[in-house]
Amino acid sequence: MRPLRLELRGFTAFREPVAVDFSGRELFAITGPTGAGKSSLLDGMTWALYGQVPRVGRQTRQLLSHGEQSMSARLDFTARGKCYRVTRRAPAAAGTRLEELLPGEESRPIADRASEVTEQITSLLGLDYATFTKTVLLPQGAFDSFLRGDDQQRRAILTRLLGLGTYEEARRLARARSQTAAEAEALLAAQVGRFPLAAPEARAALDERHRRARERQHELEARRERIARLAELARELEGARAAEAQLAAAAAAALRRAAEASESLAQTRHQREEAEQDLQRVEAERGALELDPEERARLTRELERAELSEEARAALARERGELEAAARAEDDAARRAEACASEARAREESAAGTRARLEEARDRVARRAASARRAARRLEREAAALERAGREADRSAEHERRRAGALDGITERIEGALAAEEKARREAEAGAERERAAARAAAAERAELARAESAHASAREAREAAHRDHAADALRQGLRPGDPCPVCGEAVGALPDAEAPDLDAADRAASDAERALAESRRTAEQAAAREQHEANRHGRARDALAASERQLAALDAELAEAGSERATLRTDADRARAAGAARSAEAEETAARLGTVREQERALALLVERAGAALGAVPLDDAGDDEVAPGAATTALNEELARHEAAADEVSSAEAAVRDAAERARSAAAERRSRVELREQAARSVREAEERLAVLAPDEEPGAGAADIEELRARIEALARAERRADTLARVARDAASAAAAQTAREEERIAEEKRLDSEAARARKEARAGAESAGRVERDLLTLGRTLVPRQGEGSLDASSASALIDAEYRAREEAATELAQAQTLLEQARREAGEAERIRDEAADHRSRAALARALEQELRGNRFIDYVQREAMAVLARDAGARLEQLSSGRYRLIASEDGFTVVDHHNGDEERSVRTLSGGETFLASLALSLALAERLPELAGTGAAVSLESLFLDEGFGALDSESLDLAVQGLETLAGGERMIGVVSHVAEIAERLPDRIEVVPGIHGSAIATD
């Protein structure tokens, strides 16, 4: 695996989004101050791949930046010749995904769930999480102890790195499984006695019971046909009796319906007679009415002519009124037109005088504008001089401010260094106290862990004893005095009285002890982690204190070189600031004066522009040489412009008044012409109305039309009422004729219905007699068949009710026989199942017996750590061989590492291949040996730990391990890293040692800030 690009947001020190580009890098340093977040880059890479990190495991919420609600990581990397991208987000895992990056900025999704992404990553890299953190992220401190420590310490480290503790757990598991299998065998042997039906004599008795039940069922089956016929005859008899009763009821109902039909026929005849009488009365009343349609038409025509005449007289009156109003309006319009024409002539004379006064004002404005232009040129010269003076003052003030800022910067750095030194000293003291407290807490937790382990062992022994007692109790339940003992085969004497042990309580106690032990282990691990964490914090605090002291010493040296002291430094800064303030005040005063001059200049320019706009095409003669003060020129020009604008406004008002008066005169003339036209139209309308009235009523007197119209209307209304009554009587006559015809039709229907019901009643009586005869025949057949089934009964002693009882008894006997046969069959099948289950239990007991023997054999093989010792020796030989070859490469052929009985030995080729202890190596040589050993384990760990075949590691990250090296050792370490990075492998070194960052060709710097750390690359 080779990383290409890492992006983090909200992750520990990286609150804001950051990105690290690894592409093209071979050997580089990840540097920065303590606590900036260097190791967090490796944690972010590990979390993106596996969803956990070494220092917090899966409790990744602890990695959220302070105040943030979520975090994310995205890593682009190559593996097996392809490019991939993995993305994780927390706390919600909805954004977790893995995709393959294809050419052309395309991608192919692989997995989008957190667990699936981790599985795919493990498959792609050939490394699980534990192996990745021991190979790609090299644990330097562990390998130094592994190289130079004692045998017990080396074995503990190798056991932890290779995961050899699994074999000890396997031995304990084999022992537990052996005991569990033996207990299960004993329990199964006791369970065979719970199947009494599996015995041969029990199965023989069940076979005999099943045979008798089957014979009884065969006997009952032989009588089935006659019983079925008897039941059929009984059902036919019941049906015949029911049919007989139904037919009798139908005959009675038919008789009732015939009587009801006769009554309905009589009512229908009466209703028909009443309808015929109503029809006769209506016809008589209709004949008595007198109707004259021609008279009504004549009266209607006279009424229409009278109404038209009345409307013509009303229209004539309206037209005459409109004619008089039009004449009055024409006179008024003529008077208004004459007044408007006189007003327009007067306003035109007044406007001519106003225009003459405007021309005089324009001449005065031209003279004042020329003076203002000369004053503006004077202001322009004064503004240029002030601007030059202001720039000079600004330059002087800026010089003094920069000098004061430089002095303040030195002062702030000194104060910051002093504060940092004090803070670092307090942190170091507090860190020492926290380290001591964590050590005490870790010791207490280790003691508690020892007590929990002791309690767990006691609980397990108690559970095993309870299971043994339970197995003995199960064996004791089936034994009697004199029976052979199932364990030793001897005859059993007296059976001891003992209560069955409480297995559930023992199991619960063991489970509680296991949980308590797991909790104690977890607490002890956390306490140890806190102890290590506090030790690391204390170390970082000491480093910070030393760095602060060095920084303060450097600042003092800088002050000494400048020839100043801390006491006079702030005084010099104050003097520089005072000088800068004075020059700034001078510049501000000059700027204020410049602003005033510029304002006057702009005001004059605006006034001149206004004057030019007011004058229009009149030229400004500014050839005079008199100097005019700007204020006086401004005041004079403002006054003349005000008078000119007032005159212009007066001219505009006069011209507007002239235009308004002319417009009103034109409107009044147009209105007069319109009124003349309206009066002529009204006169024509009056003549036309008089002509229409003369045609409609030439001889009628005025006022006589209204009485004639009312009389005509009354006569017409009387004739209309008579016609409506005639129409109503015609409808009533038609309805009465229809009712009479309908009653006649219903009467005929009632007669036909009466005949049909009489026929149905006769047929129903005949069917009732036939039903009674059929029921008698069925009853005789029932008695005959019943005597064949019960021959001891006398003639006529079996009736329908006793036949039903006989059938019920036969059915009950058959059901009882079927039940007995089913029970016998069920018991027989149960016996067969119990026999099979007993045989299965015996086989299962034999299987548990073989498993117990196998588990005991495995426990014997793993007892005494013989297998673990063998694996460790082989691993040491493999590691020494590979590490020796790498050490020769890193030390330029001088040293080679070999395995010995006491650990590791180094062969010095430059000193006659002398073999000596690795403890004789210098600091740099020890670092190279540790590095060679860690690289060998990184290459071989997947194979040695059984997690897969060896993989080619394309990238390695060394986290710290350089702080304790001297200059010469540091040179050897850097040379070894350069030699190691000569191939296709990428190596990253995480260190706060400045010399490491300076010696390596590439660097990634982590820079702390107020809003989180940032990344700077060289």
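Helix α6 contributes the most to the lining of the second largest pocket, namely nine residues. Helices here are DSSP runs of H or I with at least four residues, strands are runs of E with at least two, and both are numbered from the N terminus. The model is predicted, so local features need pLDDT of at least 70 and side-chain atom pairs count only at pLDDT 80 or more, while totals for chains, interfaces and linings use all residues. Residues are numbered from 1 along each chain as its sequence is written, and side-chain values use heavy atoms, with hydrogens and water left out.

A pocket is an open set of points on a 1 Å grid over the protein atoms alone, where a 1.4 Å probe fits and protein lies on both sides within 12 Å along at least five of seven lines; lining residues have an atom within 4 Å of a point. The second largest pocket is lined by 21 residues, and Arg172, His456, Arg460, Arg463 and Glu514 lie nearest its centre. At least two lining residues come from each of α6 (165-191), α9 (293-477) and α10 (503-562).

Elsewhere in the model, three strands form an open antiparallel sheet in the order β9-β10-β11. Strands β9 (895-900) and β11 (914-917) stand at the edges with a single partner strand each, so one side of each is left without a neighbour in the sheet. Two strands pair if DSSP finds at least two bridges between them. β9 and β10 (residues 903-908) pair in the antiparallel sense over six bridges. Tyr895 has Asp908 in β10 as its bridge partner.
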